[in-house]
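I opened the model to look up its aromatic contacts. My notes follow.

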Amino acid sequence: MTETAPFDELLPATRRALLHRLAVGQTEGRTPSLVGAVVRDGQLVWSGARSALADQVPDADTQYRIGSITKSLVAVLVMRLRDEGLLDLTDPIRAHLADRLAAEGADPSVGDATIAQLLAHRSGLAAEAPGPWWERTPGDLRPELGDVFGERPHRHPAGHTFHYSNPGYALLGALVEQLRGAPWDEVLRREVLVPLGMTRTSATPEAPHANGWAVHPWADVMQREAVEDMGVMGPAGQLWSTAADLTRYVVFLARGDDRVLRAATLAEMRRPTSAPEGAAWDDSYGLGLQVVRRDGRLLFGHTGSMPGFLSTVWVSPDENLAGVALANATSGPSIATLVADLIGIVAQHEPPIPEPWRPLPDVDSELLALTGAWYWGTTPFLLRLRAERWLELAPLRGGGRGSRFRPEPDGTWIGLDGYYAGETLRVVRTEQPSRAGATGPGTHLDLGTFVFSRKPYEPAESVPGTLDPEGWRGF
């Protein structure tokens with residue numbers, strides 16, 4: 001058993017708790033080896049390993065196959081293409097792959113799925129490729145796109161429901177190849193891996209790497225798992241990586257990197273699009289990223305499995321924490337729970353210390369005058385001014401339709417979350433007749449046509465509809 005604390009930032013009790021959790025995961029999961037790591041505030045603060053063989057203990061530089069974490073990296077490539085204006089997420093995939101789909105004998109209906117549906121597993125396409133178990137057989141058994149869909153490619157109407165589709169990501173890999181003119185893994189290396197310093201992530205294993213094992217469910221014996229090149233199915237789970245490389249990846253997922261993908265685009269990717277199952281509202285999926293809640297903690301990232309290997313990366317954005325774990329067993333350890341627990345241990349033992357409150361460096365007097373109470377009909381809201389002219393609108397009492405608003409160059413604001421995400425907030429100043437017949441300046445907020453006034457249903461504001469001319473009164 002080994003452990004390291006590269007920056008020696010965690011307390012000894014925290015490090016021991018992490019190592020204990022890793023050891024329990026390896027023992028109870030009966031896995032030949034297990035590697036884990038934790039990132040805090042963008043820095044690797046702990047990594048540890050546990051092995052069945054004392055003289056063969058892996059470390060953070062040992063490669064494991066990462067399975068479907070590959071999908072999240074392919075999604076990054078697709079979103080780069082979107083940000084460059086080379087595609088729209090609403091495009092049907094045939095808009096870019098019609099010739100290849102036809103040449104390779106794919107059912108024409110495959111081309112109807114949109115890029116967004118493919119990223120979010122809402123295309124309705126089959127979960128697996130037809131023919132022999134595709135994860136355990138050579139990719140040259142399915143050399144073309146038509147071979148990974150077969151005669152019945154759809155299981156559900158497109159956009160109707162979440163249905164995880166490995167062949168769907170074969171299409172996204174082909175999309176990257178079509179628009180970049182190079183194999184998807186070469187594009188990935190050039191555009192993502194090299195800029196992020198992920199030099200130990202590759203499509204085929206590079207020493208030192210772990211061997212994949214299947215452990216018998218009822219006896220303490222095991223056998224080697226074969227490693228196959230997945231061919232056109234590679235974008236669904238081909239890659240190998242290390243704990244050290246994946247810690248660089250989770251820092252990128254949390255913060256973005258303008259050389260690869262903006263933080264705003266990554267935030268878009270982790271916005272839930274649907275729940276995988278009707279009752280499983282703690283598990284959802286964005287655009288290439290899983291979004292889950294564990295013990296009340298919001299996490300995003302991806303899990304992975306291939307014959308002989310399990311993997312997970314989770315990011316806790318609210319706590320600036322992330323975790324990674326890699327195992328070389330087909331099944332056994334609950335790897336996703338393990339990583340969530342590693343994050344939870346650090347959060348519990350060493351909760352983040354908030355940044356000190358500081359006043360704004362400067363303030364716009366007109367914006368300052370807008371702060372305070374506003375009324376949507378009779379419902380009171382508070383408008384707060386934040387740094388860099390951001391606004392925050394929230395109900396004064398209880399839950400309701402609150403949102404943060406980002407300033408736009410034209411003097412409006414765009415909602416970033418909640419009910420008003422994407423909606424425009426405007427400050428409207430008018431000359432309106434008052435109840436007494438005189439005129440005077442009026443100011444109200446227009447939020448997607450909803451009017452927020454300084455007083456409940458104040459007639460001097462632009463509240464549409466008929467207002468009682470006698471105003472407020474009691475019985």
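I call a residue buried under 20% relative accessible area, exposed over 50%, and partly exposed in between. The model is predicted.

**Ring pairs.** I counted eight aromatic pairs. One of them joins Tyr164 and Tyr285, with 6.4 Å between centres and 85 degrees between planes, and it is edge-to-face. I then looked up where the two rings sit. Tyr164 is in the loop between helix H4 (115-119) and helix H5 (166-180), while Tyr285 belongs to strand S8 (residues 283-285), so the pair ties together parts 121 residues apart in sequence.

Tyr285 has a relative accessible area of 1%, so I noted it as buried.

**A tilted pair.** Next I checked Trp376 and Phe450. Their ring centres are 5.2 Å apart and their planes meet at 45 degrees, so I logged the pair as tilted. Trp376 lies in strand S13 (residues 372-376) and Phe450 in strand S20 (residues 450-452); the pair links distant parts of the chain, 74 residues apart. Trp376 has 28% relative accessibility, so it counts as partly exposed. Phe450 has a relative accessible area of 28%, and is therefore partly exposed.

**A cluster.** I also found Tyr64, Trp240 and Phe309 linked into a cluster by ring pairs.

**Charges over rings.** Last, I looked for charged ends over ring faces. Arg401 places its charged end over the ring of Tyr419, 3.7 Å from the ring centre. Arg224 lies over the face of Trp213, 5.7 Å from the centre of that ring.

Definitions and conventions. Residues are numbered from 1 along each chain as its sequence is written. This is a predicted model: local features need pLDDT of at least 70, side-chain atom pairs count only at pLDDT 80 or more; totals for chains, interfaces and linings use all residues. Side-chain values use heavy atoms; hydrogens and water are left out. Rings of Phe, Tyr and Trp (its six-membered ring) pair if their centres lie within 6.5 Å; planes under 30 degrees apart count as stacked, over 60 as edge-to-face and the rest as tilted. Helices (H or I, at least four residues) and strands (E, at least two) are DSSP runs, numbered from the N terminus. Buried means under 20% relative accessible area, exposed over 50%, partly exposed in between (1.4 Å probe, protein chains only). A charge sits over a ring if NZ of Lys or CZ of Arg is within 6 Å of the ring centre and within 35 degrees of the ring normal.
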